Amino acid sequence: MTEKIKILMIDDHPMIIEGYQNTLLFTKKDNQELSIDIANNCDEAVKLMDLSVKNERPYNVLFVDISLPPSKDGSMSSGEDLSEYARKILPKAKIIILTMFNESFRIHNIIKTIDPEGFLIKSDLTSSELASAFQAVLNNPPFYSGTVNSHIRKTITSDIVIDDKNRKILHLLSQGVKTKNLAAHLDISLSAIEKRKKQLRDIFEVQDGQDETLLNEARKKGFV
């Protein structure tokens, strides 16, 4: 019996999409019939998702790049926003995230907010891994690429527990944001940030008070 699979690929690089398409069409199983639509930005993706629901032919699988041109009305600025929207209107669709981002904070945040059936880091990606991920997501999700699994293992095996606010502080510091500018990103006072940084130094047993030392210890444990 033929399995009809309706797919939406969302990426702003046409050559990348062409590569994904060719890989899936070349490696699909004999009983699989693939129908593939393409969106290059948030607006196109929302339009196609809405149309699939309206026509009662919802997508089965979404391939979503995280870095995308934002929607014209500013309501969506990334593949994360699109994925959250898809979860609402396409609850049965399986979401495969593809991204160049490999920082621990971003990986943690995507898993927590989207809980994708597939999560692939583009620098890890080969055609054979894409094909394997697609079949695994259809039949036995989730499928995470090597970098994602490595970050998950590090944080699971660590006995260190830090909350989302502290994760974001570490992430912002790793991006070069100065402590005095953190408040603008976190919606908490500078004194609260200093207290949290002290907590982090205690957690990671940092003695010298230097941000770079803190980040180095956090990296070793997979939190940055």
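Trainee: At about what angle does helix α1 (residues 14–27) run to β2?

Mentor: Helix α1 lies across β1 (3–10), β2, β3 (61–65) and β4 (94–99). The model is predicted, with local features needing pLDDT of at least 70 and side-chain atom pairs counting only at pLDDT 80 or more, while totals for chains, interfaces and linings use all residues. Angles run from 0 to 180 degrees between N-to-C directions, and axes are lines fitted to C-alpha atoms, for helices over the stretch in contact. To β2, α1 runs at about 175 degrees.

Trainee: Which strands stand at the edges of the sheet?

Mentor: Helices (H or I, at least four residues) and strands (E, at least two) are DSSP runs numbered from the N terminus, and two strands pair if DSSP finds at least two bridges between them. The open sheet of six strands has parallel pairing and the order β2-β1-β3-β4-β5-β6. Each edge strand has a single partner, so one side of it is left without a neighbour in the sheet. The edges are β2 (32–39) and β6 (143–144).

Trainee: What is the bridge partner of glycine 118 in β6?

Mentor: Residues are numbered from 1 along each chain as its sequence is written, and side-chain values use heavy atoms, with hydrogens and water left out. Two bridges join β5 (residues 118–121) to β6 in parallel. Glycine 118 has as its partner in β6 phenylalanine 143.

Trainee: How many charged residues are in the contact of α4 with α7?

Mentor: The axes of α4 and α7 (residues 164–174) lie 9 Å apart, at an angle of about 145 degrees. In contact (heavy atoms within 4.5 Å) are Ser104, Phe105, Arg106, His108 and Lys112 of α4 with Asp164, Arg167, Lys168 and His171 of α7. Asp, Glu, Lys and Arg count as charged, Ala, Val, Leu, Ile, Met, Phe, Trp, Tyr, Cys and Pro as nonpolar, and the others, Gly among them, as polar. One residue is nonpolar, three are polar, and the charged ones number five.
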